[in-house]
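User: I would like to go through this model and check each label against its definition. Please give the cut-offs as they come up.

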Amino acid sequence: MTSPKTDITLTGIAYKTAKRGVMNSVFCANVTLERGVENDIFGRPGKRQVTVMSEEQWQIACQQINNDLDWLTRRANLLISGYQFSVDDVGKVIQIGDDLQLIITGETDPCKKMEQAYSGLEQAMTPDWRGGVTCRVKKPGLIQQDDIVTIITP
C-alpha cells in the first residue's frame with residue numbers, strides 16, 4: 001500500500017429522487033451499501049452507485065465553454081477539491097471523513113444531458129476524465145461538506 005494523497009476536501013453533496021429529476025444539494029448525507037447517497041434514485045449496488053467529480057476538472061470544462069456553470073449541472077453525487085482523476089485511479093479507494101470508503105470502478109462518461117444543459121459541455125467534459133468517476137460503496141458512513149478526503153492506493 002502506498003501513502004495516501006491528502007489536502008483534498010469534500011465540497012459538495014447531491015442526490016436526485018427521480019430520473020432526470022432536480023439535483024438536491026445537501027450539507028450532509030448518509031451513504032450506505034444498499035442505497036449509495038441517501039435518497040438517490042440511482043444508489044443501488046453496482047459499479048455506478050456513487051459518482052464523484054473533481055472541482056478542478058469541472059472548472060477546466062467550464063473554462064473551455066466560457067461559462068461558470070453550477071457543479072450540479074454535471075449531476076454528480078459528490079464534488080471534491082484538491083484532486084484530479086485519471087485512468088490510474090481505477091481500483092483506488094476514496095475515503096471521506098472517518099468512515100465512508102468508495103472503490104473507484106471507472107470513468108463517468110459525459111452524456112447527451114450535458115449537451116442539453118449547455119451547448120459544448122459534453123465535448124468539454126470528455127477528455128482527461130473531467131466527467132468524474134463512478135464508485136461502489138465499500139464501507140458506509142455519514143459525510144458532510146468540508147470532510148477530509150483521502151485517495152488510497154491498495
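User: Which residue of β4 stands opposite Val31?

Analyst: Val37 is the residue of β4 opposite Val31. The model is predicted, with local features needing pLDDT of at least 70 and side-chain atom pairs pLDDT 80 or more, while totals for chains, interfaces and linings use all residues. Residues are numbered from 1 along each chain as its sequence is written, and side-chain values use heavy atoms, without hydrogens or water.

User: What makes β3 and β4 a pair?

Analyst: Two strands pair if DSSP finds at least two bridges between them. Strands here are DSSP runs of E with at least two residues, helices are runs of H or I with at least four, and both are numbered from the N terminus.

User: Why are β4 and β10 called edges?

Analyst: The open sheet has the order β4-β3-β10. β4 (36–37) and β10 each have a single partner strand, so one side of each has no neighbour in the sheet. As for its faces, β10 (residues 141–144) has Gly141 and Ile143 on the covered one and Leu142 and Gln144 on the uncovered one.

User: How do you know that the buried residues of α1 line one face?

Analyst: Buried means under 20% relative accessible area, exposed over 50% and partly exposed in between, with a 1.4 Å probe and protein chains only. In α1 (residues 55–64), Gln57, Trp58, Ala61 and Cys62 are buried. Down the helix axis these buried residues fall within an arc of 140°, so they line one face. The arc is that of the directions from the helix axis to the C-beta atoms. Their cover includes β5 and α3 (121–125).

User: What is the largest nonpolar core, and what makes it a core?

Analyst: A nonpolar core is a set of buried Ala, Val, Leu, Ile, Met, Phe, Trp, Tyr and Cys residues joined through side-chain atoms within 4.5 Å. The largest one has 25 residues, and Val50, Val52 and Phe85 are among those with the most contacts inside it. β1 gives the most to this core, with four residues. Apart from it lies another core of 16 residues, among them Met23 and Leu69. Contact means heavy atoms within 4.5 Å; beyond four places in sequence, the contacts of Val52 include Leu78, Ile94 and Cys135.

User: Why is the chain called as compact as a globular protein of its length?

Analyst: The chain has three helices and 11 strands. Its radius of gyration is 14 Å, close to the 15 Å of the globule rule for 154 residues, so it is as compact as a globular protein of that length. The radius is taken over C-alpha atoms, and the rule is 2.2 Å times the number of residues to the power 0.38. Buried residues make up 47% of the chain.
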